[in-house]
Amino acid sequence: MATRYDAVLVLDFGGQYSHLIARRIREQGVYSEIVPHDIKSYEIKSFNEKLNLKGIILSGGPASIFDENAPRIDDGIMNLGVPILGICYGHQLLAHITGGKVERSNVGEYGATYVIIDKPVGVLKGLKGKVKVWMSHSDNVISLPCDYEIIAHTENSPFAAFMHKGKQIYGLQWHPEVSHTENGVKMLRNFLFEVCGCNANWKVENIVDSIIKEIRRDVGGDKAIIALSGGIDSSVATVLAAKAIGDRLTAVFVDHGFMRENESEFVRSVFQGFGINLVVVNAQDRFLKRLKGVVDPESKRKIIGEEFIRVFEEVAERTRAKCLIQGTIYPDRIESGFRRFSDKIKTHHNVAGLPTNIKFRKIVEPLRDLYKDEVRRVAEILGLPRELVYRQPFPGPGLAVRIIGEVTREKVEIVRKADKIVREEIERNGLGGRLWQYFAVLMDTKTTGVKGDARAYGYVVAVRIVESREAMTASFAKIPYEILEKISSRITNEIPEIVRVVYDVTHKPPATIEWE
């Protein structure tokens with residue numbers, strides 16, 4: 001980076017919301033970067049060579065202070081002289097290492113909770129009375145050293161927020177980064193601008209040239225292939241890679257048979273216009289063969305990930321490519337548990353789903369630290385067509401993970417038709433722009449129905465429609481009943497094998513957006 005942007009580092013203790021902290025900071029125009037929790041203080045000091053470090057946030061995480069080998073921070077971090085904010089586990093850790101006391105609670109706090117603001121200063125400046133926040137903890141801070149004071153409490157957490165009396169050190173037991181916390185953004189803004197004194201001098205536009213230079217550096221003088229799925233992430237990575245290494249890039253679209261209807265035609269039409277070397281590989285039979293008899297979703301993803309690599313290796317051998325470029329983005333890595341203390345939610349075929357024996361010299365992931373809306377902004381800058389920029393996300397394993405149980409050719413065709421109907425009705429009614437994803441899932445069960453005054457026995461389809469900002473939290477969409485009715489009627493009328501349609505009304509969490 002040519003400019004030394006004001007920045008806040010997020011020390012990651014494996015929390016599923018760690019990326020949200022960084023995301024919220026970037027939304028305020030301040031650069032943020034996530035680093036491992038066990039980073040050394042001298043390594044943090046080195047960040048000032050490229051960034052103007054203004055603060056540090058300790059994230060939440062699934063561990064407990066009482067766990068054997070519970071994650072800690074380097075002792076020198078507390079003496080760096082920059083403001084520190086601990087969130088959830090980070091809050092408990094700060095109390096623990098400074099001489100306070102943490103204990104396991106008989107009553108955990110999960111979900112919405114009301115905190116009482118005792119002292120509206122620092123991160124809580126401008127707040128008063130009761131504030132609704134989002135909690136997720138079973139350990140409690142029960143005492144603090146004399147140089148710390150309470151600034152908020154709840155019925156079950158007497159030290160729900162604290163601050164150092166002389167230094168800029170704060171702890172919040174709740175998660176200000178999630179949308180469920182009222183005034184959560186205000187709390188983070190307080191930390192950024194009131195406590196850390198940051199300037200809002202960073203925009204996603206500033207990193208496009210840096211990404212291109214990074215790709216050029218990582219690939220060197222070699223040829224590379226890029227995994228192009230037709231989704232926004234791989235499409236942006238493809239255009240950036242083409243700008244970086246030109247005709248040394250070959251884009252490979254693998255038709256594994258689990259794509260949306262007319263997907264191959266769509267990809268060809270978009271990328272032929274960019275003058276990119278495009279290879280389309282029809283691999284439907286080999287993927288189906290590999291998945292025969294497989295019902296476990298993690299196994300499906302790993303098999304698909306491995307088979308993708310084998311196809312890419314074959315193309316690379318023909319084109320003499322040494323590097324593989326992927327459109328992996330940050331939420332993919334988070335859900336795949338890429339850090340030591342992260343809980344894995346599901347394996348992504350292009351992250352933890354990759355086989356260990358790979359013939360490429362290097363795998364390059366230029367979008368690995370970006371979020372979906374940031375990738376969309378880059379796509380706009382690059383001039384990608386609007387219909388691609390605002391496409392709803394589609395999983396790399398495709399319809400294979402929208403079929404519960406074994407994947408067969410018949411089931412793929414059924415769910416593909418159902419998915420098309422869902423998309424058509426949502427978009428026909430002008431709802432697509434405000435929704436994150438909308439699709440159909442074929443369940444591994446059959447029920448009794450009635451068609452043409454006769455008994456029918458067929459599959460059940462679940463319709464999943466969600467709203468989200470960054471895909472790590474989501475709410476089911478409250479679609480008008482008449483639209484859901486139309487979707488249901490079309491699916492049961494147009495697909496003979498379906499006799500029942502259900503609507504998924506589960507948020508994320510506790511569910512994921514995809515069913516598998």
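The following paragraphs lead the reader through a predicted model of a protein chain.

Residues are numbered from 1 along each chain as its sequence is written, and side-chain values use heavy atoms, with hydrogens and water left out. Because the model is predicted, local features need pLDDT of at least 70 and side-chain atom pairs count only at pLDDT 80 or more, while totals for chains, interfaces and linings use all residues.

Confidence comes first. The term pLDDT denotes the predictor's confidence in each residue, from 0 to 100. The protein chain has a mean pLDDT of 89, and 94% of its residues reach 70 or more. Confidence is highest in helix 14 (residues 481–494), at a mean of 98, and lowest in helix 10 (residues 330–335), at 64. Helices (H or I, at least four residues) and strands (E, at least two) are DSSP runs, numbered from the N terminus. Over residues 336–353, pLDDT stays under 50; for this stretch the model has 65 contacts beyond four places in sequence, a contact being heavy atoms within 4.5 Å.

Five strands form an open sheet in the order 12-11-10-13-14, and their pairing is parallel; two strands pair if DSSP finds at least two bridges between them. Strand 12 (277–282) and strand 14 (362–364) stand at the edges with a single partner strand each, so one side of each has no neighbour in the sheet. From one strand to the next, the twist averages 30°. Strand 10 (residues 223–227) and strand 11 (residues 249–255) run parallel and are joined by four bridges. Ala227 has Val252 in strand 11 as its bridge partner.

Helices lie across these strands. Helix 5 (residues 208–219) lies across strand 10, strand 13 (321–325) and strand 14, at about 145° to strand 13. Helix 7 (residues 263–272) lies across strand 11 and strand 12, and runs at about 165° to strand 11. For such angles, axes are lines fitted to C-alpha atoms, for helices over the stretch in contact, and the angles run from 0 to 180 degrees between N-to-C directions.

Cysteines are considered next. A disulfide is a pair of cysteine sulfur atoms within 2.5 Å, and by this rule the count is zero. The sulfur of Cys198 has its closest cysteine sulfur in Cys196, 4.9 Å away, which is too far for a bond. For Cys88, the closest cysteine sulfur is also in Cys196, at 20 Å, again too far. Cys88 is buried at a relative accessible area of 5%, and Cys198 is buried at 7%. Here buried means under 20% relative accessible area, exposed over 50%, and partly exposed in between (1.4 Å probe, protein chains only).

Charged side chains complete the account. A salt bridge is a side-chain nitrogen of Lys or Arg within 4 Å of a carboxyl oxygen of Asp or Glu, and the structure holds 37 of them. One joins Glu516 to Lys300, with the closest N and O atoms 2.9 Å apart. This pair links distant parts of the chain, 216 residues apart: Glu516 is in the segment after strand 18 (498–503), and Lys300 is in helix 9 (residues 297–319). Both Glu516 and Lys300 are buried. By contrast, Arg416 and Glu413, whose salt bridge spans 2.5 Å from N to O, both lie in helix 13 (residues 409–428), three residues apart, about one turn of the helix. Arg416 is buried at 13%, whereas Glu413 is partly exposed at 36%. Finally, a network of salt bridges links Glu261, Lys420, Glu424, Glu425, Arg428, Arg490 and Glu494.
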